[in-house]
Amino acid sequence: MKKQRPVWAICFGLALTAFTTYVMLDVFVIKRPMQTNATEINLAMFDLTPTPEPTPVPPTPTPEISPDVTPTPGPTSTPTPTPTPSYFSEQVISTDTFYSNDHLSITISEYREHDTQIHVAEVRVSSAKYLLTAFANDTYGRNIYQKPSETGKRVGAVFQINGDNYGSREGGYVIRNGVLYRKKGNSNKKMDVLCIMPDGDFYFTHSNKETAQQLMDKGAWQAFTFGPVLVDNGEIKVGVKDEVDLCYVTNPRTAIGMIEPLHYLFVVADGRTAKSHGLSIYQVADFMLRQGCTKVYNLDGGGSSTMVFQDKVVNFPTSDGPYLERGVSDIVYLR
């Protein structure tokens, strides 16, 4: 005769299963809005950014003229002004691969390396205040998702990529448009923090080194928690075999790089298809370094990787079918 399990064992098993199911739902499914109408933009740090003083020009010495000599007038010459390159235009200029206005220019191009299609946006802005972020459904919280194109359309974006998908995690600093939303750090050593500063520079740190309030005190305009840092000061910071946790060796990727302050590259690489194999994070770092980036940071990749330009999906997202976007927590955008 088969021995029956005690009632307490059955009840314990059912309770454990229910608890595990709840935890999984809480982490990945249950929506937890924490702040609606999360559209605040705090520009205070830009008021504190010092304007560099012009370099003084020494006066040109006046030659002494003898009173007995009458100066002979020479030919009048008009100095030729040195042309100053301008990447902006007073009127909007827009094509399938280019956009400019009075504070922004975007050039879209494509590369193919490692059997992978790589989409690149070269971006220049006149101020870091035009490098903006937005939450899905205008709501800060856990498991709040929206397609990048829909979030971008709501805020009037000309260009957008997916962000760090902060809403899928409980920890990791969240500073967006100068507003601090989450102070809790992240113990994962690979999850570096990228701060975009008011002068347009990239500042890399980690929550075990600085608190969120310390970053706010330094004037952080945006802070993302994902990573890792791929390039810093012109040097690759990841190894050939390094990888993000829970990620394939080759994958769709999203990364943001700085050539110099206010001059950036946004890169999205396709993957997981017959047309595009995908890139390792080392290959992303190497590619962006060769394009002139001195600092590069890895954002959320995989099925989240999405680039949108003038309301058109540029890349080939792979989560829900060709050119079908996956909902994400946040975007980085320009307008």
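This is a predicted model: local features need pLDDT of at least 70, side-chain atom pairs count only at pLDDT 80 or more; totals for chains, interfaces and linings use all residues.
1. On to the aromatics. Searching the whole structure turns up 11 aromatic pairs. One of them is Y111 with F287, an edge-to-face pair at 5.2 Å centre to centre, with 75° between the planes. This pair ties together distant parts of the chain, since Y111 belongs to strand 4 (residues 104-113) and F287 to helix 5 (residues 281-290), 176 residues apart. The two partners are worth looking at separately: Y111 is partly exposed, at 30% relative accessible area, whereas F287 is buried, at 1%.

2. F202 and F204 make another edge-to-face pair, with 6.4 Å between centres and 65° between planes. F202 counts as buried at 2% relative accessibility, and F204 counts as buried too, at 16%. Elsewhere, ring pairs connect F135, Y140, Y166 and Y181 into a cluster.

3. Helix 5 deserves a look of its own. Its buried residues are I281, V284, A285, F287 and M288. Viewed down the helix axis, these fall within an arc of 165°, so they line one face of helix 5. After the helix comes G292, with a positive phi near 105°.

4. Within helix 5, I'd pick out A285. The residue is buried, with a relative accessible area of 0%. What does A285 touch, leaving aside neighbours within four places in sequence? The contacts are L230, V231, I236 and V238. For V231, the C-alpha atom lies 6.2 Å from that of A285, although the two residues are 54 apart along the chain.

5. V231 comes up again around K295, as one of the residues K295 contacts. K295 is found in strand 18 (residues 295-299). Is this lysine buried or exposed? K295 is buried, with a relative accessible area of 12%. Its side chain comes within reach of the backbone oxygen of F202, at 2.8 Å. Beyond neighbours within four places in sequence, the contacts of K295 also include D201, F204, D232, N233, I256, G257 and M258.

6. Strand 11 runs antiparallel to strand 12 (residues 202-205), joined by four bridges, and V193 stands opposite T205. Between the two strands of this hairpin are five residues, and G200 there has a positive phi near 90°. Strand 11 is also antiparallel to strand 13 (residues 222-225), again with four bridges. In that pairing, C195 has A223 as its bridge partner.

7. There is also an open sheet of five strands, in the order 6-21-8-19-20, with antiparallel pairing. Which strands are at its edges? They are strand 6 (132-135) and strand 20 (312-313), each of which pairs on one side only. Strand 6 is joined by four bridges to strand 21 (residues 330-334), running antiparallel, and A134 has I331 as its bridge partner in strand 21.

Terms used:
Residues are numbered from 1 along each chain as its sequence is written. Side-chain values use heavy atoms; hydrogens and water are left out. Two strands pair if DSSP finds at least two bridges between them. Rings of Phe, Tyr and Trp (its six-membered ring) pair if their centres lie within 6.5 Å; planes under 30 degrees apart count as stacked, over 60 as edge-to-face and the rest as tilted. Buried means under 20% relative accessible area, exposed over 50%, partly exposed in between (1.4 Å probe, protein chains only). Contact means heavy atoms within 4.5 Å. The arc is that of the directions from the helix axis to the C-beta atoms. A polar contact is a pair of N or O atoms within 3.5 Å; within protein, one must be able to donate a hydrogen and the other to accept it, and residues adjacent in sequence count only if both atoms are side-chain atoms.
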